[in-house]
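Subject: Structure handover

Hello,

Here is the structure for you to open. My notes on it follow below.

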Amino acid sequence: MNNFLIFAILLGLFFLSGIRIVFEYKRALKFRFGKFIKTLRPGFRWIIPFIETIQIVDIRVITFNVDSQEVMTADNVPCSIDGVVFFKINNPEKAVLEVEEFKFAITQLSQAALRDVCGKVELDTILSKREEMGKNIKGIVEKETKEWGIQINDVKIKDIQLPENMRRMMANQAEAERSRRAQIILALAEEQAAGKLLQAGKLIDQSPSAIKLRLYQTLSNIAAEKNSTIIFPFPEEALPIKRKKKKKLKTKF
């Protein structure tokens, strides 16, 4: 009886030790004596303990950072560039059997591609066309990883670190450009204002009453301060006023 109980307990432990739960977002590769057998689907699974083993592979979109790389651009500007890679495993069997440590392999490949792509263009291109640079890096990495059963979803350039002197030069350039635009806008505004003043002057010259109204408006604006004295060096009647000539009526007898 005791022997049977011990055997039942050992059998139960043997059975329990082979139970595996595979989640929906994962796949399990089963090996028997080191030989690949099949890929286990999600759910309750059982393997033979000590004979069979499994390796779990996550099939969700995986994200990892590309460490900062020292790059010399085409116009000989040193900078540090890092990025981020998004990839997904489409074929777990190839990802495990075709390449050792696929995450490490993708990391090294992405770093090399980043240095290669960014080293062939100028700094202005990297700063203004990050999306295009990311697509070029993705194309290089995707070409290599396609045989590994891995799909590269996207590659983004995340940060660009420039030398301090280059930052100052770029800031001075941006400041000079903004100053140039401000001067152009001011000159255009003065040109438009001069044209409007010329039109207003012509209209005022055509009406003596308009000249007086303009004078009174100016006096009103000055008097609003109440801290100044206004002195006229000449009487108001001395202002040049155009008088209309009266037509003489000729009477015929």
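How many aromatic pairs does the count come to? The count comes to five aromatic pairs. Rings of Phe, Tyr and Trp (its six-membered ring) pair if their centres lie within 6.5 Å; planes under 30 degrees apart are stacked, over 60 edge-to-face, and the rest tilted.

Before the details, some ground rules. This is a predicted model: local features need pLDDT of at least 70, side-chain atom pairs count only at pLDDT 80 or more, and totals for chains, interfaces and linings use all residues. Residues are numbered from 1 along each chain as its sequence is written, and side-chain values use heavy atoms, with hydrogens and water left out.

**Aromatic pairs**

Take phenylalanine 14 and tryptophan 46. Their ring centres are 6.5 Å apart and their planes stand at 70°, so this pair is edge-to-face. Phenylalanine 14 lies in helix 1 (residues 2-17) and tryptophan 46 in strand 4 (residues 43-46), so the pair ties together parts 32 residues apart in sequence. Helices (H or I, at least four residues) and strands (E, at least two) are DSSP runs, numbered from the N terminus. Phe14, Phe15 and Trp46 form one aromatic cluster.

Phenylalanine 14 is partly exposed at 33% relative accessible area. Tryptophan 46 is partly exposed too, at 34%. Buried means under 20% relative accessible area, exposed over 50%, and partly exposed in between (1.4 Å probe, protein chains only).

Phenylalanine 23 and tyrosine 25 form a stacked pair, 5.8 Å centre to centre with 15° between the planes. Phenylalanine 23 has a relative accessible area of 46%, and tyrosine 25 has 31%. The charged end of arginine 60 sits over the tyrosine 25 ring, 3.9 Å from its centre. That term needs NZ of Lys or CZ of Arg within 6 Å of the ring centre and within 35 degrees of the ring normal.

Three strands form an open sheet in the order 3-2-5, with antiparallel pairing. Two strands pair if DSSP finds at least two bridges between them. Strand 3 (35-40) and strand 5 (52-58) stand at the edges with a single partner strand each, so one side of each has no neighbour in the sheet. Seven bridges join strand 2 (residues 26-32) to strand 5. Leucine 29 has glutamine 55 as its bridge partner in strand 5.

**Overall**

The protein has seven helices and eight strands. Buried residues make up 25% of its 253 residues.

Best wishes
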